[in-house]
Amino acid sequence: MASDSSPSMRRCLYDMFLSFRGEDTRDNFTDHLYTHLVQRGIKTFRDDKLKRGEEIQPELLKAIEESRSSIVVFSQNYADSRWCLEELATIMECRQKYGQIALPIFYHVDPGDVRKQTGSFGDAFIEHEKNWKNKVQRWREALIEAGNISGFHIEVGYESEHIKEITTVIANRILNFRSLFVEDNLVGMDSHFQKLSLGLRMESNDVRMVGICGIGGIGKTTIARYVYNQISLGFECCGFLEKVSEAHKNKDQVRLQNQLLNDMLGGRNQKISNVFEGANMIKYSLRFRKALIVFDDIDDIDDTDLSECLVGNHDWYGKGSRIIITTRDKHLLTMLKVDYQYEVEELNSIEALKLFSQYAFRLNLFKEDFESLLDRVMHYCQGLPLALKVLGSLLCDKTISEWESEDRDFVSKILDGCKLYGEINIRVLWKRCLITISHGRIYMHDLIQKMGWKIVQQQYPEEPSKWSRLWNPSDIYSAFISKKGMKNVETISLELSRSNEIWFTKVVFADMKKVFAKMKKLRLLKVYYNDHHSLVRKEYKTSLPEGFEFPRGLRYLHWEGLESLPSNFDLENLVAINLKGSNIKKLWKGKKNHEKFKFVDVSASQQLIKMPNFSSMPNLERLNIGGCTSLHKLHSSIGAFPHMKCLKELFLDRNVIKELPSSIGCLESLETISLEGCSKFEKFPEIQGNMKCLKELFLDRTVIKELPSSIGCLESLETISLEGCSKFEKFPEIQ
């Protein structure tokens with residue numbers, strides 16, 4: 001190898017390293033293969049630009065180590081070259097040490113000649129034995145190992161077809177690799193990797209469990225993501241489970257098990273009814289597979305639950321598997337019997353200053369004018385990466401005097417100024433590193449969330465009725481029954497699944513009307529259950545008192561399990577309404593003004609029999625009425641008036657709808673229609689309008705027999721799903 005001290009981790013600059021005998025294949029097969037790989041977006045290294053000499057160049061060894069995988073083109077004269085044999089030996093070492101993928105191509109040679117060093121390979125070794133006895137054994141072992149790897153044998157047929165097959169296989173393996181997001185310009189990562197490599201021992205074929213522990217914000221998840229990206233190509237199957245603790249607290253273990261199995265088995269959906277069934281499926285699905293799994297953020301969970309239902313033990317996994325666990329709890333790692341514990345330490349002073357400068361000055365070096373203040377910043381952050389990034393972002397482009405006056409009020413103003421769906425304010429929070437955005441979803445680190453909570457509480461720590469935001473069930477209960485304050489409340493988020501209080505008792509119910517009347521500033525109200533089975537439980541259904549009114553300034557209403565809306569319901573500022581699992585039969589009576597409505601979700605409302613006229617919601621973007629098992633038809637007004645141009649997503653799953661109104665074809669912005677599980681849906685209407693944006697049409701498990709001939713007019717359509725449509729007969733002829 002290039003260096004005896006190389007860690008068992010490396011930065012991968014190339015997807016593929018190409019090893020070949022130049023005089024045999026450089027100008028024909030290998031050149032065509034290289035061209036096709038590059039065209040498929042596979043970053044490939046080939047060595048024909050390096051000068052040949054007596055010894056293999058260090059640049060080549062480095063290129064092999066910095067590649068995710070290698071192709072070895074064995075040709076008639078391959079073994080004549082000591083250079084090729086050295087490349088091969090290095091590739092095989094990287095395969096053992098890093099789990100690097102090696103793919104042999106036997107180009108007009110017998111794989112048996114490679115394994116046994118017979119034929120032209122035997123002739124070459126007769127010469128090598130004379131002059132290179134000290135290297136011959138290493139070369140032979142490499143040939144034996146490579147010859148035993150399943151690859152491609154090219155002997156007859158068109159080379160173009162062989163190359164097409166090879167590049168397709170490689171592209172599926174390389175390009176389908178799911179890389180996780182990791183920020184650029186990471187600081188201190190090399191030091192972490194050198195220490196972690198001792199525990200991962202990639203050269204070992206044993207099952208290894210490695211724990212990464214440390215305080216919140218120290219960078220455990222970032223390290224785990226980076227390691228995952230670097231080594232995942234060496235495994236048969238990979239999975240990264242984030243926020244395990246949060247899912248466990250929300251009694252969502254079955255979802256985690258499903259996600260893990262889907263990742264491991266290539267997206268094949270698994271139907272798990274309980275955690276014990278899921279544990280058995282994980283165990284028996286993975287025991288013969290070389291797997292890489294990261295269980296991220298495992299805290300406050302009983303170790304028995306983990307060992308029996310999710311993480312398991314070494315016997316659950318196939319040879320060579322690596323299981324990585326991140327946690328703040330070292331004791332938990334001991335109980336799980338991990339093979340190696342790595343405790344992440346704070347950044348040293350040089351690393352901390354470098355990271356802070358990247359965010360505060362957009363440079364790796366600090367500005368000398370600020371030197372006197374930097375000591376205070378470094379002392380405050382204590383080498384904690386998250387604190388350095390957040391504080392650096394907050395102070396970016398500020399003057400020295402602004403640095404000296406900066407405090408938590410600035411964060412408070414940002415949070416107070418963030419309006420629902422405010423793109424500008426979301427961008428501000430993102431630039432300040434207070435949130436992250438991934439795949440269209442917004443995330444906040446729990447330390448930042450707790451800091452926001454402290455800011456809300458600090459003026460009146462023992463009087464929640466005076467806070468601007470309420471989120472803890474006990475605090476909300478105290479505020480409601482205190483009959484004081486509530487004038488400053490802007491948001492309420494009440495999760496009832498784990499609440500110890502008995503909500504909506506006579507005491508609370510009697511005062512609900514008065515309490516809500518005080519909350520003139522209320523903009524966001526969310527009452528929900530993380531226990532998804534709760535929606536059908538009678539004790540979780542809630543009623544509103546006679547004469548109850550929601551505050552007029554409400555922008556977001558999310559109340560699961562609500563029995564009915566107030567008779568006078570008419571909130572002209574409301575942007576989104578979610579009444580999942582309600583007992584509502586009709587949303588409202590009469591004509592209402594809901595021009596600002598963008599999102600409506602009344603899914604799983606099994607008593608709902610009628611949707612209102614859609615002309616009152618011209619700006620609606622997303623409508624979910626899935627699981628409304630009493631809803632027989634969609635209101636004919638949908639798409640029937642010219643102003644409804646914003647609707648993009650329509651979810652009608654598991655209803656008893658038989659057909660859609662013909663006006664559905666006039667929804668020119670609609671991108672997704674889902675009718676999965678509509679067991680009585682028989683016919684999709686002829687498309688009379690211009691559905692130019694429709695991309696996805698899901699008709700799984702319906703009784704539809706055929707599609708309309710006009711389906712061919714959908715110029716943007718990418719997916720039609722008809723899984724489980726037992727009565728479907730034919731597709732239309734498309735001209």
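What follows is my list of look-ups, entry by entry.

**Entry 1: the kind of model**

I noted at the start that this is a predicted model.

**Entry 2: salt bridges**

I began with charge pairs. Side chains of opposite charge can pair when their charged atoms come close. How many salt bridges does the structure hold? I found 15 salt bridges.

I took Glu129 and Arg140 to begin with. Their side chains meet in a salt bridge, at 3.2 Å from N to O. Glu129 sits in helix H6 and Arg140 in helix H7, which covers residues 133-147. The two are eleven residues apart, and the pair links distant parts of the chain. I checked the cover on each partner. Glu129 has a relative accessible area of 29%, so I wrote it down as partly exposed. Arg140 is partly exposed too, because its relative accessible area is 21%.

Next came Glu490 and Arg523. Their closest N and O atoms are 2.9 Å apart, and they form a salt bridge. Both partners lie in loops. Glu490 is in the loop between helix H23 (473-482) and strand E14 (491-495). Arg523 is in the loop between helix H24 (506-518) and strand E15 (524-528). This pair also links distant parts of the chain, 33 residues apart. Is Glu490 buried or exposed? Its relative accessibility is 18%, so Glu490 counts as buried. The cut-off for buried is under 20%.

Then I looked at Glu621 and Lys598. Their side chains meet in a salt bridge at 3.5 Å, N to O. Glu621 lies in the loop between E18 and E19, and Lys598 in the loop between E17 and E18, so the pair ties together parts that are 23 residues apart in sequence. Glu621 is partly exposed, at 23% relative accessible area. Lys598 counts as partly exposed, at 31% relative accessibility.

**Entry 3: a patch of positive charge**

I turned to the surface. Which residues gather in a patch of positive charge there? They are Lys586, Lys589, Lys610 and Lys633. I looked up the place of Lys586. It is in the loop between strand E17 (576-578) and strand E18 (599-601). Lys586 has 45% relative accessibility, so I recorded it as partly exposed.

**Entry 4: cysteines**

A disulfide is a covalent bond between the sulfur atoms of two cysteines. I searched for disulfides and found zero. The cut-off for a disulfide is within 2.5 Å. Cys237 is buried, with a relative accessible area of 3%. I looked at Cys84 as well. At 2% relative accessibility, Cys84 counts as buried.

**Entry 5: positive phi**

I moved to the backbone. Most residues other than glycine have a negative phi. I noted two residues with a positive value.

Gln117 has a phi near 55°. Its place is in the loop between helix H5 (111-116) and helix H6 (120-131). Gln117 counts as buried, with 9% relative accessibility.

Ala604 has a phi near 65°. I found Ala604 in the loop between E18 and strand E19 (622-624). Its relative accessibility is 29%, so Ala604 counts as partly exposed.

**Entry 6: neighbours across the sequence**

Where is Val311 found? It is in the loop between helix H14 (303-309) and strand E9 (322-327). Val311 is buried, at 0% relative accessible area.

Asp80 is in the loop between strand E3 (67-74) and helix H4 (82-98). Asp80 is partly exposed, with 37% relative accessible area. Asp80 and Arg21 are 59 residues apart in sequence, and their C-alpha atoms are 8.8 Å apart in space.

Key. Residues numbered from 1 in each chain as written. Predicted model: local features only at pLDDT ≥ 70, side-chain atom pairs only at ≥ 80, totals over all residues. Heavy atoms only, no water. Patch = residues over 30% accessible without salt bridge, like charges linked within 9 Å, V, L, I, M, F, W, Y side chains within 5 Å. Areas by Shrake-Rupley, 256 points an atom, 1.4 Å probe, with all protein chains shown as cover. Salt bridge = Lys/Arg side-chain N within 4 Å of Asp/Glu carboxyl O. Lys, Arg positive; Asp, Glu negative; His and termini not counted. Charge placed at Lys NZ, Arg CZ, Asp CG, Glu CD. Helix = DSSP H or I, 4+ residues; strand = E, 2+ residues; numbered from the N terminus. Buried < 20%, exposed > 50% of the residue type's maximum accessible area, 1.4 Å probe, protein only.
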